[in-house]
Amino acid sequence: MTGRPIAAALTAFAVLAAAVAAGPARAIEADVVVLRGLDKVTARTRTFRVPVGGTRDFGSLEITARHCYKTPPEEPPERKAFLEIVDVRPDRRSVTVFSGWMFASSPALNALEHPVYDVWVIDCAVQQASGGS
């Protein structure tokens with residue numbers, strides 16, 4: 001028996017073991033969620049930014065972003081955000097209409113179901129630290 005096939009198999013095993021040990025690249029945690037909203041009555045869209053931990057209004061909706069992650073550049077692109085959306089109207093009690101993860105690559109997977117508004121994730125952005133003098 002020759003040692004070449006065994007050496008080649010051991011080398012292949014070592015490379016495979018190193019790749020498995022490294023695991024997938026970590027998701028990048030962003031501090032701003034970029035969303036697009038559609039008002040179904042007027043057929044107008046608006047793109048807006050919600051800081052993680054912050055709240056923005058879109059029509060009668062209050063949208064709070066809790067988390068936003070994006071994949072690193074070496075992996076297939078995916079943006080996902082955990083959002084809480086509350087419908088606030090003066091004539092009735094506020095109602096939570098959505099609480100969960102939204103995915104940019106599959107907006108219909110876990111969508112907001114609202115008769116007037118659609119909201120979906122466009123991107124997760126990392127704000128640049130501003131340097132002041």
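Predicted model: local features only at pLDDT ≥ 70, side-chain atom pairs only at ≥ 80, totals over all residues.
**Entry 1: who sits beside S5**

I started with strand S5, which covers residues 61-70. Which strands pair with S5, and in what sense? I looked at S1 to begin with: this strand takes in residues 28-29, and two bridges join it to S5, with the strands running antiparallel. Across from Ile28 I found Lys70 in S5.

Next I checked S4. Four bridges hold S4 to S5, and these strands run antiparallel too. Phe58 has Leu61 of S5 as its bridge partner. S4 and S5 make a hairpin, with two residues between them. I noted that Gly59, in the turn, has a positive phi of about 60°.

Then came S6, residues 79-87, which pairs with S5 in the antiparallel sense over nine bridges. Here His67 faces Phe82 in S6.

A reminder to myself: side chains in a regular strand alternate between the two faces of the sheet.

**Entry 2: Thr64**

Is Thr64 buried or exposed? Its relative accessible area is 12%, so I wrote down buried, as the cut-off is under 20%.

What does Thr64 touch, apart from neighbours within four places in sequence? My list reads Gly54, Thr55, Phe82, Leu83 and Glu84. With Thr55 there is also a polar contact between the side chains, at 2.8 Å. I looked up Val86 as well: Thr64 and Val86 are 22 residues apart in sequence, and their C-alpha atoms are 8.4 Å apart in space.

**Entry 3: the disulfide**

How many disulfides does a search of the whole structure find? I got one. This disulfide joins Cys68 to Cys124, with an S to S distance of 1.8 Å. Cys68 belongs to strand S5 and Cys124 to strand S8 (residues 117-125), so I have a link between distant parts of the chain, 56 residues apart. Both Cys68 and Cys124 are buried.

Why do I call the disulfide left-handed? The torsion about the S-S bond of Cys68 and Cys124 is about -85°, and that makes it left-handed.

**Entry 4: rings**

I counted aromatic pairs and the structure holds four. One of them is Phe48 with Phe58, a stacked pair at 5.4 Å centre to centre and 20° between the planes. Phe48 is in strand S3 (residues 44-51) and Phe58 in strand S4 (residues 55-58), so the pair ties together parts that are 10 residues apart in sequence.

Tyr69 is in S5 and Trp101 is in strand S7 (residues 95-103); the pair links distant parts of the chain, 32 residues apart. Are these two buried or partly exposed? Tyr69 is partly exposed at 22%, and Trp101 is partly exposed at 29%.

Ring pairs link Phe48, Phe58 and Tyr117 into a cluster. Arg46 lies over the face of Phe48, 5.0 Å from the ring centre.

Methods: Residues numbered from 1 in each chain as written. Heavy atoms only, no water. Phe/Tyr/Trp six-rings, centres within 6.5 Å; stacked < 30°, edge-to-face > 60°. Buried < 20%, exposed > 50% of the residue type's maximum accessible area, 1.4 Å probe, protein only. Lys NZ or Arg CZ within 6 Å of the ring centre and 35° of its normal. Contact = heavy atoms within 4.5 Å. Polar contact = N/O pair within 3.5 Å; in protein donor to acceptor, adjacent residues only side chain to side chain. Disulfide = S-S within 2.5 Å. Pairing = 2+ DSSP bridges.
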